[in-house]
Amino acid sequence: MAVIRRGEEEIRRQREICAQIAERNAARATAPLALVDTYGCQQNEADSERLRGYLREMGYAFTQEEDRADVIVINTCAVRAHAEDRVLGNVGALVHAKRQKPGQILCLCGCMMGEPGMVEKIRTSYRHVDLVFDPHSLWKFPELLQRVIERRGRVFDTPGGDGSIAEGIPVARTGRLKAWVSVMYGCDNFCSYCIVPYVRGRERSRRPEDILAEVEALVADGCRDITLLGQNVNSYGKDLGEGMDFPWLLERVCALPGEFLVRFMTSHPKDASERLFQVMAREPKIAHHLHLPFQCGNDRVLAAMNRRYTAAHYLELVEKLRAYLPDIVLTSDVIVGFPGETTAEFEDTLRLIEKVRFDALFTFIYSPREGTPAAKLPDVLTAEEKQANFQRLVDAQNAISHQIHQGYIGRTFRCLIDGVGTDPRNNLTARTNSGRLVHLSGPECLVGQFRDLVIEDATTWALFGRLKEDG
Ligand code: SAH
Ligand code: SF4
Ligand code: F3S
């Protein structure tokens, strides 16, 4: 299947529309205001930076106040019911902002708009929403917004399908030091609980030259911490030519000049290779952090999830990884209460985390997603039983994270000082190479620099350090 690549001409046309809207906006006494609100994962954060890039080219300034915004864009997440409920609650409440500010344009986009049932719900029950588009239509946001501005009624553009790749969309980055760079889009894994493959389309890789040019420009612009993004970065290049895979791409990125750190997410255990670990161990620019979601420690449940590995395979992978990178910080995602999971099966998950001793876990209670195979499976546990298992997992992990953090005390780590915090005693924040948060005090001019920090104290979630005098 050939990937559709949006031609330069198509994006140039969108930017011309931006210029037309900007001309109209320039005639106003003050710049009109836009608000972009983002839910969900880093992929959505990266998409929102593109929406803001387009809006900036259209002459909008940005606000956080709903009542003052001329355009509100809500970039939604469909991964769990909880995320969707939050979005719908907030969209419902925006009726009031619109009453305060007639003419305000409300746009909904992102993964929820890839669900046909949800789009119908917005059409019939959320009539104050003016524009709806799915992730596949993001590249033509200017054209869609222009149609709404010219008052041709509500606009819905949700083509669905396999998706395309669009290069050349302007980006308004939120941080100076950190940036997201998508290397691929979509997912072909179809884990049985997950909505992402349905709303984000098929796996497709950006061309390496486009990725390298973007990273090079970011580093030249002062960026020091770059996260390469994809639902499963280890599938990178399967649709490109011979020899182009993710470890190869990582090496090319690291060969770019400048002092910067490279991270990446997410890795699927079935595709994480020994070559990946070798490259991570060899390249000093790659952060010693791997997010490797295992989801569940029981083989029957893993098969029902369509994860295509066993708990034993996962443990072997971790062993290999640690042989190459003994100081690796390992994080993971876990789902508790998959349909049919018994408490005895859940206890295999507890055993797995005790064996691996992750630095941190992202834990979720299973949420049925309409249209996915798992949503049709029967439950054996009640909601209360699932909640109790969830709590056991959280407690066990918190104890592990706390112990691991205590082990940092007295040691020195090279950290990127990345911002000014809110605590006056520890006015700066920093990240270890592997992404652990450190609080410290020091002059603000250090922000953006790599420094050696001595860790003096630790809680379950954060470290407290001081500048090493000679660092
Ligand atoms: N592509 C990434 C994850 C994307 S979603 C990966 O495969 O690792 C992020 C996490 O949300 C998943 O790892 C999973 O733990 C969780 N998740 C996805 N669908 C879910 C559902 N229906 N209910 C609960 N958690 C879910
Ligand atoms: Fe969802 Fe699985 Fe794809 Fe991750 S790999 S996005 S969990 S289907
Ligand atoms: Fe959510 Fe879509 Fe990301 S469903 S987790 S925003 S890919």
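Two strands pair if DSSP finds at least two bridges between them; strands here are DSSP runs of E, at least two residues, and helices runs of H or I, at least four, both numbered from the N terminus.

**Ground rules.** I am working on a predicted model, where local features need pLDDT of at least 70 and side-chain atom pairs count only at pLDDT 80 or more, while totals for chains, interfaces and linings use all residues. Residues are numbered from 1 along each chain as written, chains are lettered from A and ligands numbered from 1 in written order, and side-chain values use heavy atoms, with hydrogens and water left out.

**Six-stranded sheet.** I looked up β7 and found that Phe133 has Asp157 there as its bridge partner. Strand β6 (residues 131-133) pairs with β7 in parallel over three bridges. I then traced the whole sheet: it is open, parallel, and ordered β3-β2-β4-β5-β6-β7. β3 (61-62) and β7 (155-157) each have a single partner strand, so one side of each lacks a neighbour in the sheet. Helix α3 (residues 81-100) packs on this sheet and touches β4 (71-76) and β5 (105-110), its direction making about 175° with that of β4. Contact means heavy atoms within 4.5 Å; angles run from 0 to 180 degrees between N-to-C directions, with axes fitted to C-alpha atoms, for helices over the stretch in contact.

**Three-stranded sheet.** I found another open sheet, also with parallel pairing, in the order β14-β15-β16. β14 (289-291) and β16 (360-365) are its edge strands. Neighbouring strands are turned by 15° against each other on average, ignoring direction. Three bridges join β14 to β15 (residues 329-336), and His291 has Thr331 in β15 as its bridge partner.

**Ligand 1.** Which residues come nearest? Of the 15 around ligand 1, they are Gln231, Thr266, Gln295, Asp333 and Ser367; "around" means a heavy atom within 4 Å.
- A polar side-chain atom of Gln231 lies 2.8 Å from a ligand 1 nitrogen.
- A side-chain N or O atom of Gln295 is 2.7 Å from a ligand 1 oxygen.
- A backbone N or O atom of Tyr193 sits 3.1 Å from a ligand 1 nitrogen.

**Ligand 2.** I checked the shell here too, and the residues surrounding ligand 2 include Cys187, Cys191, Cys194, Tyr193, Gln231 and Arg307.

**Helix pair.** Helices α11 (residues 311-324) and α12 (residues 343-356) pack at about 10°, axes 11 Å apart. Among the residues that meet are Tyr314 and Leu315 in α11 and Leu352 in α12.

Terms used. Polar contact = N/O pair within 3.5 Å; in protein donor to acceptor, adjacent residues only side chain to side chain.
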